[in-house]
Amino acid sequence: MYDVIIIGAGPAGISAGLYAKRANLNVLIIYKEQAGLEKAEQIENYYGFENGITGKELYETGIRQAQNLGIDIKREEVINIQMEEKNEYKIITENGTYISKAVIFATGNKKNVPKIKGIKDFEGRGVSYCAVCDGFFYRNKDISVLGNGKYAISETNELINIANSITILTDGKEEPEIRSDKVKIDTRKIREVRGDKRIEEIDFEDNTKMKTDGLFVALGVAGSAEFAKKLGIITNKDRIVVNENMETNIPGIYACGDCTGGLLQISKAVYEGAKAGLQVVRYLKK
Amino acid sequence: MSVFKFEEGNFEEEVLKSEGKVLVDFYADWCGPCKMMSPIIDEIAKELEESVKVGKVNVDNNQELAIKYDVMSIPTIMVFQNGMLVKTFIGVTDKKEILDVLK
């Protein structure tokens, strides 16, 4: 069991890890996707680099620095997070399950909102972003899951025993691997979702249609917004709401860096990471 | 301070025929996020004790109510004013956001 698991290895996540590890906590950092920092070509507004530095270099240096300090780092996709008894958290990745006493989200700025016409209008009226929260309302219905990655498969598996049938809509992308009599895969490109009071059908680019009772959105790699919904963390426009100590509304869950909104800058991420790391130390001492 | 238990049997009397604002929290016992919402609802009930009636609907026991109000995601929080639905929040919502509608 870890004292704290940090999701994300950008400046906020690494910084949180450094402070927690130096206070002798048992720290695991899990990350999968490229951080925003890694994509930054040249950084010239950060303290201490007179000739600037590439985002990639700073990012990779940060990960090495954490490794050198003895922090466990794993490059795995997190597909689910569950709250256990006694304020413990279970982090489920594509490869395994890890338990910790605290969690820090440092998952960055990425948003998984599909640019499909109508999706926004039917949120809460047939469009859902959380299988475990809303699956109950779709018992014996014919529903769809939008996505094609491991997260989409995980959401499909949550729904498999509830729904009558599930169609995985890849929206023109590659077919995922899943074997079940209840699950169909449809690769047609989506034009729009339609309905009256609630979602009723999916219209495809090739002028064909499909009836559906519900659409679960599970695009790409799940980020802070998706996990916040599953756990009940308060968000504001998909940004995690934290107080000045980087605490969310759930004891033991913290967030730092771009996923809390505000300035999307390294300096702010490093500060928030440090604060979150120190706050976890205080929390676990209690 | 008291948080009402709204049910199919008393919803009309306690919510729809109620004067002023009524806050309704649709939840279920198995729903993790609902457990996070619950203390926020309790705080609101306490703070606005004088002015707003606050209650919870267990969707497992009151499926007809959930269907009637198109609840397809929980927690869902609804604000009624003089029996009319005036605002719906889907998912765990910041207390301040809810208070803004109630005050």
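Two residues are taken to be in contact if their C-beta atoms, placed from the backbone, lie within 7 Å. On that criterion, α2(B) lies across β2 and β3 of chain B, and runs at about 160° to β2(B). Helices (H or I, at least four residues) and strands (E, at least two) are DSSP runs numbered from the N terminus. Axes are lines fitted to C-alpha atoms, for helices over the stretch in contact, and angles run from 0 to 180 degrees between N-to-C directions.

## Basis of the model

This is a predicted model, in which local features need pLDDT of at least 70 and side-chain atom pairs count only at pLDDT 80 or more, while totals for chains, interfaces and linings use all residues. Residues are numbered from 1 along each chain as its sequence is written, and chains are lettered from A and ligands numbered from 1 in the order in which they are written.

## Sheet and helices of chain B

Chain B contains an open sheet of 5 strands in the order β1-β3-β2-β4-β5, with mixed pairing; two strands pair if DSSP finds at least two bridges between them. Its edge strands, each pairing on one side only, are β1 (4-5) and β5 (84-90) of chain B. Strands β2 (residues 21-27) and β3 (residues 52-58) of chain B run parallel and are joined by 7 bridges. Within this pairing, B:D25 has B:K56 in β3(B) as its bridge partner. Helix α4(B) packs on the sheet, where it touches β2, β3, β4 (76-81) and β5 of chain B, and its direction makes about 15° with that of β4(B).

Helices α2 (residues 32-47) and α4 (residues 95-102) of chain B also pack against each other, at an angle of about 35° and with their axes 11 Å apart. In this contact, B:I40, B:E43 and B:I44 of α2(B) meet B:K95, B:I98 and B:L99 of α4(B). The residues of the contact of α2(B) with α4(B) comprise 4 nonpolar, no polar and 2 charged. Here Ala, Val, Leu, Ile, Met, Phe, Trp, Tyr, Cys and Pro count as nonpolar, Asp, Glu, Lys and Arg as charged, and the others, Gly among them, as polar.

## Chain A: dimensions and domains

Chain A has 7 helices and 17 strands. Its C-alpha trace spans about 55 × 45 × 30 Å along the principal axes.

Chain A is divided into domain 1 (2-110 + 222-285) and domain 2 (120-217), with bounds from an automatic or database domain assignment. The C-alpha centres of the two domains of chain A lie 30 Å apart. Their contact takes 8 residues from domain 1 and 7 residues from domain 2 of chain A. On the domain 1 side, the elements giving two or more residues are β4 (78-83) and α6 of chain A. By class, that side of domain 1 has 2 nonpolar, 1 polar and 5 charged residues.

## A sheet in chain A

Three strands of chain A form an open antiparallel sheet in the order β11-β12-β13. The edge strands are β11 (190-195) and β13 (209-211) of chain A, and the twist averages 20° from one strand to the next. Between β11(A) and β12 (residues 199-204) of chain A there are 5 bridges.

## Interface between the chains

In the interface, 21 residues of chain A are in contact with 15 residues of chain B. On the chain A side, α4 (131-134) and α6 (224-231) are the elements that give two or more residues. The largest share of that side, 3 residues, comes from α6(A). The chain A side divides into 9 nonpolar, 6 polar and 6 charged residues.
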